[in-house]
Amino acid sequence: MRTVFRILLLGAGLLAAAAARAEWPADQPIKIIVPQAAGGTNDTVARLMGVELGKALGQSVVVENRPGASGAIGMQLASRSPADGYTLAIASDTASILSATRKMDWRLDRDMAGVAMVGDQPIGVAVSVRSPYASLDALLAAARKEPGTIAFGTSGLGASQHIVGEWLTHLAGVQMIHVPYKGGGQAVTDLVSGTTPAAVLGFAPLLGQARSGGIHIVAVTTAARNPAMPDVPTLTELGYPQITRSQWVGVVAPRGTPPAIVKRLSEAMAAIGAQPDVQAKLREIGLTPKSMAAAEFDAFIHKDVADWGRLVTELNIKLD
């Protein structure tokens, strides 16, 4: 009887395991929502990781761009999606800032769960080659001499670049004019032309023009220099050790997604991120590969939202 009982228990266990496997993944595609337009860094990451994730899981993965309202529209859609493992989203520091500074019916740290960090990039301080400034010291010295006359462009009001720019001018004790653009592309165009003499932007949009000689990146915000342009000093080296922020990109899922599914996705993403060819592609667009498992990434998100919120309050930055 004991042998029969053990066989029955084993059979029940196998059936339960099979049922659990049948729940996910099923024969339907996994959707990755990108809350930005096609062609940007986040979109590139989603498509790269989506292809590899599909191979790893033997499952179809589709990318859906839902831009608008600085990413709020796409993140809202993701937060309202069923927590069943079939909807993921690309999140970034922008979602953290929105969560910390705007009154919305979704919050990154409340409604989404971290799955995996993919990578990060510095924020770069850049000057036009048409400007008379060849270094950060020269730019800030001119701003100190002529308060409120020198402009710096960013990708938009309330973006991480805007906050970092205000933080730098505060620490340097200078007044500069903030020019918010609707995205980094036009900001880079005006920087190259000299329409704006300086800009604080993501490293990736600046990289191509810096390599071709259209602009000079005079500082980066990460603690270490970026290997893509190792000659560019950090703000820490230049006397501003407080500013060690980066623009990160990661994958999240609606909170409440079963832990076993989150774990499987996280492990698959970690394996993908460790592939040399994937790392090379990430570096090509200015991202430094950075692996972070689900629990660690989730804790990172909570801290990131709190840190940005505290910084905006301390600097009294107006976002409206």
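Me: In this predicted model, which element gives the most to the lining of the second largest pocket?
Reply: Strand E4 (112–128), E9 and helix H12 (294–315) are the elements that give two or more residues to this lining. One of them leads, with four residues. That element is H12.

Me: What is the volume of the second largest pocket, and how many residues line it?
Reply: The space in the second largest pocket comes to about 270 Å³. Closest to its centre are Thr244, Arg245, Ser246, Phe300 and Asp304.

Me: How many charged residues are in the lining of the second largest pocket?
Reply: Sort the lining by class. Four residues are nonpolar and three are polar. The charged residues number six.

Me: How much space lies in the largest pocket?
Reply: Its lining holds 39 residues. Nearest the centre lie Gln36, Thr94, Ser155, Gly183 and Gly184. The space in this pocket is about 1000 Å³.

Me: Which element gives the most to the lining of the largest pocket?
Reply: Several elements give two or more residues here: helix H2 (41–57), helix H4 (93–101), helix H7 (160–172), strand E7 (198–202) and strand E9 (246–254). The top contribution is five residues. The element behind it is H4.

Me: How many residues in the lining of the largest pocket are polar?
Reply: Charged residues number four, and nonpolar residues number 15. Gly counts as polar, and Gly183 and Gly184 are in this lining. The polar residues number 20.

How values were computed
Residues numbered from 1 in each chain as written. Predicted model: local features only at pLDDT ≥ 70, side-chain atom pairs only at ≥ 80, totals over all residues. Heavy atoms only, no water. 1 Å grid on protein atoms, 1.4 Å probe; cavity = no way out; pocket = protein on both sides within 12 Å on 5 of 7 lines; lining within 4 Å. Points joined across faces, edges and corners; volume = space filled by probe spheres on them.
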